[in-house]
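Here is a short note on charged side-chain pairs. Please read it with the model open.

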Amino acid sequence: MDKADEKNTFEKIYDVVKQIPKGRVATYGQVASLAGNRRWARVVGYALHVNPDEEHIPCYRVVTKDGNVSAAFAFGGANRQVELLKAEGVEFSDGRVVMEKYQWDTPWV
């Protein structure tokens, strides 16, 4: 593969986030692992904060391992992230996503 054809870290992260099914969520660590390095969880947050295409890269589907939404959600704050997830049928309990029911099942991680 040619250097020009290689994807950078953010592009790898965006490719993973695009695959999260509607009505499901993934954790920062889960996205990091799928993108190639389980230690990139913070990098996932940085990438999502500068999401260049919110219409096609559903960054609102990424939450903490405990199901918390981001207080710094780049496209309208935590309330907007909750609204978007609820619109897809994702349920919350005590302000957190019910992870047992809605976490994207990626057994290869």
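1. Basis. This is a predicted model, with local features needing pLDDT of at least 70, side-chain atom pairs counting only at pLDDT 80 or more, and totals for chains, interfaces and linings using all residues. Residues are numbered from 1 along each chain as its sequence is written, and side-chain values use heavy atoms, with hydrogens and water left out.

2. Count. A salt bridge here is a side-chain nitrogen of Lys or Arg within 4 Å of a carboxyl oxygen of Asp or Glu. That rule gives four salt bridges. Three of them are described next.

3. Glu88 and Arg61. Their closest N and O atoms are 2.6 Å apart. The pair links distant parts of the chain, 27 residues apart. Glu88 sits in the loop between helix 4 (77–87) and strand 3 (92–93), Arg61 in the loop between helix 3 (41–49) and strand 2 (62–63). Helices (H or I, at least four residues) and strands (E, at least two) are DSSP runs, numbered from the N terminus. Glu88 is buried at 15% relative accessibility, and Arg61 is buried at 10%. Buried means under 20% relative accessible area, exposed over 50%, partly exposed in between (1.4 Å probe, protein chains only).

4. Glu83 and Arg80. This salt bridge spans 3.1 Å, N to O. Both residues lie in helix 4, three residues apart, about one turn. Glu83 is partly exposed at 45%; so is Arg80, at 35%.

5. Glu91 and Lys101. The N to O distance is 3.3 Å. Glu91 lies in the loop between helix 4 and strand 3, and Lys101 in helix 5 (residues 99–102), 10 residues apart. Glu91 is partly exposed at 39%, and Lys101 is partly exposed at 46%.
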